[in-house]
Amino acid sequence: MLFRSEKLLNPDQIEQAKRLQDDWKRLRTDSFWPFDFEILEEFNFDVAAFEKKVGIDLEAEKRLQQNMVKFCDGNKKCSKEFPLDELKKLAADGNPIFQNNFGWRLYEVATGKQQKSEAFRYFLKAAQSGSAHAQVAVGWIYLHGLVSVRDVRAAFEWSMKGARQGHPEGANNIAFQYENGIGVQKNFGTAKEWYTYAAARWSQSALGALRHMITAGK
């Protein structure tokens, strides 16, 4: 993004940079979690540089988008009305999208530890197969000890896997751990970077946390 760097460039360089920025915007507007460019401008955030620094896998995000379209676009199997027992059969075949969906559906209606543990097992299977959604779910469950014993290091590692696929809530969870020094050394600067990235990808939780950090002078 250009922002304040414009004053350091000559007119030809500015024009070239704007063309590159427009190309980048067109590309990322079509991504799985499109960017809010107003957030990027408000916080003067060089998202391309950040993605390169932390190792965001743009190809993995693209594959996720393609798989979601392939298996869920106009497909009742991904809707909340699809019978849970039928979804479990699909999940048992090893498709990480259906494993993740079954995990969420079961977790939402779970009435006891046994059902929650089963839901977690499906989250974990999907996460191990590369599902960003499931990786973030596993990270969240470990972070709060919702099913198994709390494991903040495992939470960080799983959330990071999802965040590196561009998942906004994975990025938000990473920021939360850096802000509070949970499982990692406290680092406000790194926390704000991750919150900004998550907020730019439409995480309202991240945007609220980022504004709070700034207001608090962190």
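**Entry 1. Overall fold**

I read along the sequence and found that the protein follows the pattern α-α-α-α-α-α-α-α-α-α-α-α. I counted 12 helices and zero strands; helices (H or I, at least four residues) and strands (E, at least two) are DSSP runs, numbered from the N terminus. I note that this is a predicted model, in which local features need pLDDT of at least 70 and side-chain atom pairs count only at pLDDT 80 or more, while totals for chains, interfaces and linings use all residues. Residues are numbered from 1 along each chain as its sequence is written, and side-chain values use heavy atoms, with hydrogens and water left out.

**Entry 2. Burial and surface**

I looked up how much of the chain is covered: of the 218 residues of the protein, 46% count as buried. Buried means under 20% relative accessible area, exposed over 50%, and partly exposed in between (1.4 Å probe, protein chains only). The accessible surface comes to about 11800 Å², and 51% of it belongs to carbon and sulfur atoms. Such areas come from the Shrake-Rupley method with a 1.4 Å probe; for residues, only the protein chains shown count as cover.

I then turned to contacts, meaning heavy atoms within 4.5 Å. Among contacts between residues at least 6 apart in sequence, 53% join residues at least 24 apart.

**Entry 3. The nonpolar cores**

I searched for nonpolar cores, that is, sets of buried Ala, Val, Leu, Ile, Met, Phe, Trp, Tyr and Cys residues joined through side-chain atoms within 4.5 Å. The largest has 30 residues, and those with the most contacts inside it are Phe35, Leu40, Ile174, Tyr178, Trp194, Tyr195 and Tyr197. At least two residues of this core come from each of α2 (37-42), α3 (47-54), α9 (152-163), α10 (168-180), α11 (188-200) and α12 (204-215). Which helix gives the most to this core? I found that α11 does, with seven residues. Apart from this core lies another, of 25 residues, among them Leu87, Phe102, Val147 and Ala154.

Not counting residues up to four places away in sequence, Tyr178 touches Phe156, Val184, Gln185, Lys186, Asn187, Thr190, Ala191 and Trp194.

**Entry 4. Gln177**

I next looked up Gln177, which has its place in helix α10. Is Gln177 buried or exposed? I recorded a relative accessible area of 0%, so Gln177 is buried. Leaving aside residues up to four places away in sequence, Gln177 touches Leu143, Val152, Ala155, Phe156, Ile182, Gly183 and Val184.

I examined Val47 and Val54, both placed in helix α3. Val47 is buried, with a relative accessible area of 1%. The C-alpha atoms of Val47 and Ala200 are separated by 8.9 Å, although these residues are 153 residues apart along the chain.

Val54 counts as buried at 13% relative accessibility. I noted that Val54 touches Arg164 and Trp194, not counting residues up to four places away in sequence.

**Entry 5. Helix pairs**

Two packed helices are described by the angle between their axes and the distance between the axes. I took axes as lines fitted to C-alpha atoms, for helices over the stretch in contact, with angles running from 0 to 180 degrees between N-to-C directions.

The axes of α11 and α12 come within 8 Å and cross at roughly 145°. The contact is made by Phe188, Ala191, Lys192, Tyr195, Thr196, Ala198 and Ala199 of α11 and Ala206, Leu207, Ala209, Leu210, Met213 and Ile214 of α12. By class, this contact has 11 nonpolar, one polar and one charged residues. Ala, Val, Leu, Ile, Met, Phe, Trp, Tyr, Cys and Pro count as nonpolar, Asp, Glu, Lys and Arg as charged, and the others, Gly among them, as polar.

I then looked up α5 (residues 84-92) and α6 (residues 96-109), whose axes come within 8 Å and cross at roughly 145°. The crossing of α5 and α6 is left-handed.

**Entry 6. Positive phi**

Asn44, in the loop between α2 and α3, has a positive phi of about 50° although it is not a glycine.

Definitions and conventions
Left-handed = near helix turned anticlockwise from the far one by under 90°.
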